Each structure stands twice: as structure tokens, then as C-alpha cells.
Amino acid sequence: MLFGGLSISKVNSVNGADSSSSLLWRSEGSELLWESVENSRAYPREYVLTSQVPVIPIQELNKQTYEQLYGGLDMDQQYLQLPGNFPERVRELAEKVTAQGKTPYEKIALLQQYLQQSFPYTNQPDLSRRKSKDLVESFLFEIMEGYCDYYSTALVTMARSLDIPARWVKGYAPGEQAELPDNLAVQQGGAVLNNNYTITNADAHSWAEVYFGDYGWIPVEATPGFAAPLLAQSEDTAPQATAAPEEDQPRPEQVEVNKGTQEQGFHLKIWIVAAAAAVLLAWAGFLLWQRRFTLRFFLQRLRNGQPLSAVQKVEAETARWVRYARRKGMLKEEHETLRESVDRWSHERPAASGNLTALLRMFERAKYSPEVIEDKDWRSVYTEALRLRKSIRSGK
């Protein structure tokens, strides 16, 4: 199987040469397979391909009813299939969470928001809490924490329980932006662009894809700290001005009319420029949001002169939430260790005790444990710190 970013539209080269004789496209699973014949062809050492990033007309899709999306559609039932003993309380929870949603897209957005905001991310969920044999039920009601497989499976099954077609996808997250040698730097508009990313086994990831009729399969990211590279299509389109036939010498009585037309054209141009500027700002905002985790450690990276390790990122995230705690009156004394401070804060603010304990455990694991710390671990600290802020603000 050849891996690419989202939907692969073209294989440019294999091992440095144009070749497609051993490629097989399996449309059912949207997979591009490398077909070796009696081991005569080894898996390619390198290949270049072109992928397509979905452009989603959100405002338009958001209005599409279930009938408009799926009415008369001969849908493969495997994408609606659920276990025969599917827990009823999972279905009830899906209905409760999406009660305010009027369309399938709104319901999926509500499910995504609920999963991202309700359960902390961790690579080591406490499985001792598990009682149900069903993975999703135990995640939602018992373990209540987990990694990507938990979130993506929950979104897929909850969507299917609402009769919305969905499937589970396994692949890779974008990884870390790689250092680019000067001879490989791409110049564009006087700026150096680095579109190279290093992806390793640690970036293995899973997410959900939801089928929206004629709009096709759309990736939906339910795991906190991760983002699907989707583009939102602007619904605003500038009206096209109709060109008037030119005349060599306008008649005197037409002067005022032409003057008014010129003024209208001038205002129209201003409107088009403003609309274009708004689109560019939205695009820049999207890029910043998409790379928010890469930019998060930009200053530290400049100071260090090299990318931060996963342990250093955990330490940086810990320092962030400790500073936030200080601003909220939770002072860490100079003679105290973080554990001593957390013990004291937990007594002072019982509502935040669970979040504080979880954050302390993550810090100590990264700082003192011999275990291998990955990039996903600092994302767990980031997610739990958001919950700490919420607990402190609510005071509940």
C-alpha cells in the first residue's frame, strides 16, 4: 500500500522514474496498492504522488437535510453497520448530544465537539475502570480518557447510530516539520517555503470519515490536539461586472450617465478588493490554526537553535499551566516541588484536584520515568491543561 496525504489523485514517479505498471487502485477502500509479481518487484524505496485536500462548502453543506444527502441513495450498508449488541446508552448519548442539530453535518459537528472537549487525551488510559465489553461504551462512560482509536471509533459508531454513514480510517498524522537544507529550499515571493515533514511510526493515527452524499467522504477529527487538513470554501462570490461596448466619442448627453457608471465600477472594484483581502485573511488564519501546534514552540526552538524534544515540550506545557495557576492565585513557593504545590492546591481547590493530579502524573512520567516520551504525550498535557482552566473558571 502506498501512503499519501488524503485522497491520492496521481502518482508522479516511483523510484525516480515514471511508472504505474504495478499500481492498483481499490476504489472501495480508496486505497492505492503496490502489486508485486512473484516478489520480482520490491516495494519502492521512494515515490512522489499528488494528493487532493478536500474543499468543504461548509455553509452549503450545513443546510443539506438527511433526505437531500441520502434520499434515493443506494448506500453500502457496511457503513451503517453496528454490532448486534450495540449499547443502547451510547445511542441515547449520541441523540442527546446532537439534539440541537437539524442536519447531518450539524450533528456530526456536535459529536466532534463533544468528544474533543469531554475526554482528556492519553496514550495510557486507565483500563482498570473498564467494565463494559464494548470499547466505545467503556470509553464514554467508564475509562473516559484515551488515544485516537477511542475517539475515532466512538465518532464512527455514534454517527452510524444516527443513520449517518461513517467509516474508520488508519493512517498518519502530519508529523513534525523537518529542517530543510538550503539547497532544497523553495523560494516563493522572496520567502523560503518549507513543506517537508518527517513522519515516523510514532505519528500513526486514526480518524473518522463521514459520507455526505454528493459531497463524498469528509475526514472528521475527533481527537483533541489533532486537526484534519481541510479547506473551507468561501460562500461569498463577487458579482461579475458586465462590460459595456466602447464608443470612440460619447455623446454629450451620455456624460453624466457614464460618470455614474464609472463611480459604480469604482465602488465595485473596492468591494472586490475587500472581499479578496477577507479571503486572504481567512486563509492566513486557517494556516495559523492548522500549524498552531508547530508554532507553539517557535520561540523556544529559536532559543535552543534546534527543535524541542517531546520531553522538553511536556516541560514547556507544564510551565504554561503553572503560570496560569499563578495568575489565578495558586502560587508555587520557591521551596516547594511541583508535587508539594499540587497537593496543597488540590486541598485549596477540590474541584480542580483531578486535573491537577493528572497533570502532575504526566510531568513526572516525562521527567523521571525511563519510558519513551512521544509528541502525543505533550498533547495530553495540553488537553488536560484546558480542562484545568475550565475547572478553575467554573469553580465547580
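Leaving aside neighbours within four places in sequence, Leu49 touches Phe3, Gly4, Ile8, Lys10, Val11 and Asn12, where contact means heavy atoms within 4.5 Å. Leu49 itself sits in strand β4, residues 47-52. Helices (H or I, at least four residues) and strands (E, at least two) are DSSP runs, numbered from the N terminus. Ser9 is 40 residues away from Leu49 along the chain, yet the C-alpha atoms of the two are separated by 7.7 Å.

The model is a predicted one, so local features need pLDDT of at least 70 and side-chain atom pairs count only at pLDDT 80 or more, while totals for chains, interfaces and linings use all residues. Residues are numbered from 1 along each chain as its sequence is written, and side-chain values use heavy atoms, with hydrogens and water left out.

Taken as a whole, the chain has 13 helices and 13 strands. Of its 396 residues, 37% count as buried; buried means under 20% relative accessible area, exposed over 50%, and partly exposed in between (1.4 Å probe, protein chains only). Among contacts with a separation of 6 or more, 66% come from residues 24 or more positions apart.

Next comes a pair of helices. Two packed helices are described by the angle between their axes and the distance between the axes. For α5 (residues 135-143) and α6 (residues 148-161), the axes come within 9 Å and cross at roughly 110°. Axes here are lines fitted to C-alpha atoms, for helices over the stretch in contact, and angles run from 0 to 180 degrees between N-to-C directions. The two helices are therefore roughly perpendicular to each other (angles under 35 degrees count as roughly parallel, over 145 as roughly antiparallel, 65 to 115 as roughly perpendicular and the rest as oblique). The crossing of α5 and α6 is left-handed, that is, the near helix is turned anticlockwise from the far one by less than a right angle, clockwise being right-handed. On the α5 side, the residues that meet α6 are Leu135, Val136, Phe139, Leu140 and Ile143, and their partners in α6 are Tyr150, Tyr151, Thr153, Ala154, Thr157 and Met158. Sorted by class, this contact has nine nonpolar, two polar and no charged residues. For these classes, Ala, Val, Leu, Ile, Met, Phe, Trp, Tyr, Cys and Pro count as nonpolar, Asp, Glu, Lys and Arg as charged, and the others, Gly among them, as polar.

The loops on either side of α6 have their own features. Most residues other than glycine have a negative phi, and most peptide bonds are trans. Met144, in the loop between α5 and α6, has a positive phi near 55° and counts as partly exposed at 38% relative accessibility. Asp163, in the loop between α6 and β6 (166-172), also has a positive phi, near 65°, and is partly exposed at 45%. Ile164 lies in that loop between α6 and β6 too, but is buried, with a relative accessible area of 1%. Beyond its neighbours within four places in sequence, Ile164 is in contact with Tyr70, Tyr79, Leu80, Pro104, Lys107, Ile108, Ala159 and Val210. Val210 is 46 residues from Ile164 in sequence, and their C-alpha atoms are 7.5 Å apart.

As for charged pairs, a search of the whole structure turns up eleven salt bridges, each a side-chain nitrogen of Lys or Arg within 4 Å of a carboxyl oxygen of Asp or Glu. One of them joins Arg91 to Glu88, at 3.6 Å from N to O. Both residues belong to helix α3 (residues 88-97) and are three residues apart, about one turn of the helix. Arg91 is partly exposed at 24% relative accessibility, and Glu88 is partly exposed at 44%. Arg89 pairs with Glu142, the closest N and O atoms being 3.5 Å apart. That pair links distant parts of the chain, with Arg89 in α3 and Glu142 in α5, 53 residues apart. Arg89 counts as partly exposed at 34%, whereas Glu142 is buried at 15%. Arg129 and Asp126 form another bridge, at 3.4 Å from N to O; Arg129 is partly exposed at 35% and Asp126 is partly exposed at 30%.
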